[in-house]
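Reader: I would like to learn how to read a model of this kind feature by feature, taking the general idea before the particular case. Could we look at it together?

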Amino acid sequence: MNAMTIPTDFRGNKGTMPPAILAEQVSLRVGGAKDILAGIDLAVRDGEFVAIVGPSGCGKTTFLNMVAGLQPFTSGCLTVAGSSPKAGRRDSAYALARDALLPWRDALGNVELALQVRGVDKDERRRKATEALAKVGLADALHRHPAQLSQGMRQRVALARTLVTEPRFLILDEPFAALDAQTRIRMQELLLSLLKQFSGTMLIVTHDIAEAITLADRVVVFGPRPSRVTAIYEVGLGARERNIGELRADPQFSRLFEAIWNDIEKDFEL
Amino acid sequence: MSTSFTNTEPGFRSMSGMQRRSAARIWIIRVLLVGLFAGAWKLASVLGFFNPIFIGTPEGTFQAFFDQLHGPSNVWKDIWYTSVETIIGFVIGSGAGILAGVILFRSAALREAVAPLVVAANSLPRVALAPLFVLWFGLGITGKVALIVSLVFFVMLTTTLAGLTQPNRDHEFLARSIGADKRQHILYFIFPAAVPTIVAGLELSLTYSFLGAVAGEIVGGSFGVGVRLTALANAFEINRFMALLVLLVIIATIAVQIMRYFTAGLTRWHAAERGNG
C-alpha cells in the first residue's frame, strides 16, 4: 500500500473555483472490527463528474453516503460547497442502487415527491414531473404504478425523480446495478444525454469500470477495507460530446479499463 | 444521439379467455362442493348415522331459509338489531384502535410501557367478559357494543402499529435525501405503507364484530340473531337454526364484500406488488 499512484493532484485545483466536494483524511472507525475508511482524500471540482470504483465492500457507498449527509464519519474533514454535508440539501439529489420507488404512487407521483416536499404547487410540480418523465422516455407511462413497470423503466422513473429538482449536486450510488447488461448500457446512454444539459457536479459510485469511464471526467480507485484512494485517472475522452459506441471503440477506453482493472485486481490479491 | 425505448411491459392483468374459463371451472367446483356437503348431510340421516332431530335436513333448511324471510316470525327485526350493534361496535372499536395505534407509534416510551399490558389484554378470551357487560349494561345494545369494542380495539391497535412500524431502509434514505421533515415523512412514506395492513385488520375486525354481537346476544339479550339462535336450539328447530346460520353467512359475506369494494382503491398497488413479486 506504500506505492500510491496518484497521477493528478488530489485536490484537483485546476480552476479558481473552490472544490465542490473536499474530503481530507475522512475516516470511519468502528469498534471491534476493521476500520471501514482509513482516510479518504478527494477533491471534486465544481461541474466535474467523478466516479468512484473499488473492490466490493471497500466502503465506497459509505463514503458517498457521507457526502450525501446520510452517514456520519469518525474523523477528518468533509465539505460540500464549503459547508459540512447535510442530508436533504435543496441543491442536491441522491439516487440509490435500488430504485426505492413508492409502490402506492404512480410514476408521476413518484417523480413529484421531491417537489412536493419542497412545497412546489400542484400544477407546477405536475408539469415538471411530466417533463422529466418525457425526458427519460416514459411520456406514455405517467400513470403506471411501479408494479406495472419493468426494472429498466423503474430505474428511469428513479432517474427522472433525481433530476426533476434540477440539482447542482448529483450523487448516484450504483444507479444501474440492478439492471441487465444491455439495459444498463442504454441507461448510461440516457444519463449521458441528459447530463449534456447539466452543469452541476456529479459523484457516482459504481463497480462497473466501463460505466465509470463512460460517465466520469475522473475515475477514483478506492483500495480494499480499510480503504483509501489508491489511484485517480483522468479520463479525457470527451464523453460529454460523444455517444457510448464511439467511446467504447476508442483505444484509450480499453487502456483505461485495463489500468483500472489491474488496480482493483492487485488489491484482491492482498 | 436519440435515445428511444419501447414500453412493452406488464400492465395490470386483464382477464384473458383462459382465465375466464378457469374462473368458470372454479365456480363449478364450488357449487359441487356445496352439493356434496348437502348430499353427505342427507345421507347421514337416511343411513341412520345421525338423528335428523339433531342435525336437521338439507331440504328442511332450504324451506326454512325462505320461510324466515317473511311471515309473522320473520328474522328482519333480529337481523336489524344485530347489524346495528355490529356497525356501532365496529366503528367505535376500530376508530379507537387505530387512534391508539397511531398514538403508540408516535411515542416510543408509551409503546414500551404498555406493550406487555396489550399482550395480556389481547390474550384474554374477550367473550368471557360478556356476562360482566350484561351485569353492567343490561340486556340492550350497549353491552354488545362494549363486547365488540373490546374485541376490535386490540385487533386494530396491533395491526395499525404493525403497519406503521414496517422498516424500509431505502425509503428512509430517500426521505432523508430529499429533505422530508418529520411530518412529510409520516404523511408521504409511513402512512401510505401502513394502509394495506390496516385495511386487512379492518376486514378481520368486521368479522369479529359479527362474532361479538351474536356471542353477546347468546349470553344475554332481549333481541337479536343470537337470542333467536338460542331459542331455536332450545326448541329443537334445527332446520330454522341452520337456515338462520346460512342467512348470517350471506349477510357477513356481503358486508365484507362491500368493505372490499370501498377499500380496493387504497390497496390496489399492494395487490399488484404481490402479484408481480
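Reader: Where in α5(B) does a kink lie, and about how many degrees is it?

Author: Bear in mind throughout that this is a predicted model. In α5(B) the kink lies at Val114(B), shortly before the proline Pro116(B), and amounts to about 45 degrees. The helix itself, residues 108-123 of chain B, has 16 residues and reaches 22 Å from its first C-alpha to its last, which is close to the 22 Å expected at 1.5 Å a residue.

Reader: Is α5(B) largely buried or largely in the open?

Author: One reads this from the number of its residues that are buried, and of the 16 residues of α5(B) that number is zero, so the helix lies largely in the open.

Reader: How should I read the nonpolar cores, and which residues touch the most other members of the largest one?

Author: The general idea is that in soluble globular proteins nonpolar side chains tend to be buried together. Here the largest nonpolar core has 94 residues, of which Ala51(A), Ala160(A), Ala216(A), Val219(A) and Val220(A) touch the most other members. The element that gives the most to this core is α2(A), with seven residues. Apart from this core lies another, of 41 residues, among them Ala64(B), Phe90(B), Val152(B) and Leu164(B).

Reader: With which residues is Ala160(A) in contact, leaving aside its neighbours within four places in sequence?

Author: Once those neighbours are left aside, the contacts of Ala160(A) are Val111(A), Ala132(A), Leu133(A), Lys135(A), Val136(A) and Leu138(A).

Reader: How many residues of each chain are in contact with the other?

Author: On chain A there are 28 such residues, and they are in contact with 25 residues of chain B. On the side of chain A that touches chain B, α2 (107-117) and α5 (181-195) of chain A each supply at least two residues. That side of chain A, sorted by class, has 17 nonpolar, seven polar and four charged residues.

Reader: Why does Gln25(A) count as partly exposed?

Author: Gln25(A) has 15 C-beta neighbours inside 10 Å, and therefore counts as partly exposed. Glu166(A), with 12 other C-beta atoms within 10 Å, is exposed.

Reader: What is the mean pLDDT of chain B, and what part of its residues reach 70 or more?

Author: The mean pLDDT of chain B is 89, with 92% of its residues at 70 or more. The model as a whole scores ipTM 0.82 and pTM 0.80.

Definitions and conventions. Residues are numbered from 1 along each chain as its sequence is written. Chains are lettered from A and ligands numbered from 1 in the order in which they are written. This is a predicted model: local features need pLDDT of at least 70, side-chain atom pairs count only at pLDDT 80 or more; totals for chains, interfaces and linings use all residues. Two residues are in contact if their C-beta atoms, placed from the backbone, lie within 7 Å. Helices (H or I, at least four residues) and strands (E, at least two) are DSSP runs, numbered from the N terminus. Ala, Val, Leu, Ile, Met, Phe, Trp, Tyr, Cys and Pro count as nonpolar, Asp, Glu, Lys and Arg as charged, and the others, Gly among them, as polar. pLDDT is the predictor's confidence in each residue, from 0 to 100. A nonpolar core is a set of buried Ala, Val, Leu, Ile, Met, Phe, Trp, Tyr and Cys residues joined through C-beta atoms within 7 Å. A residue is buried if 20 or more other C-beta atoms lie within 10 Å of its own, exposed if 12 or fewer, and partly exposed in between; C-beta atoms are placed from the backbone. The expected span of a helix is 1.5 Å times one less than its number of residues. The bend at a residue is the angle between axes fitted to the seven residues ending there and the seven starting there.
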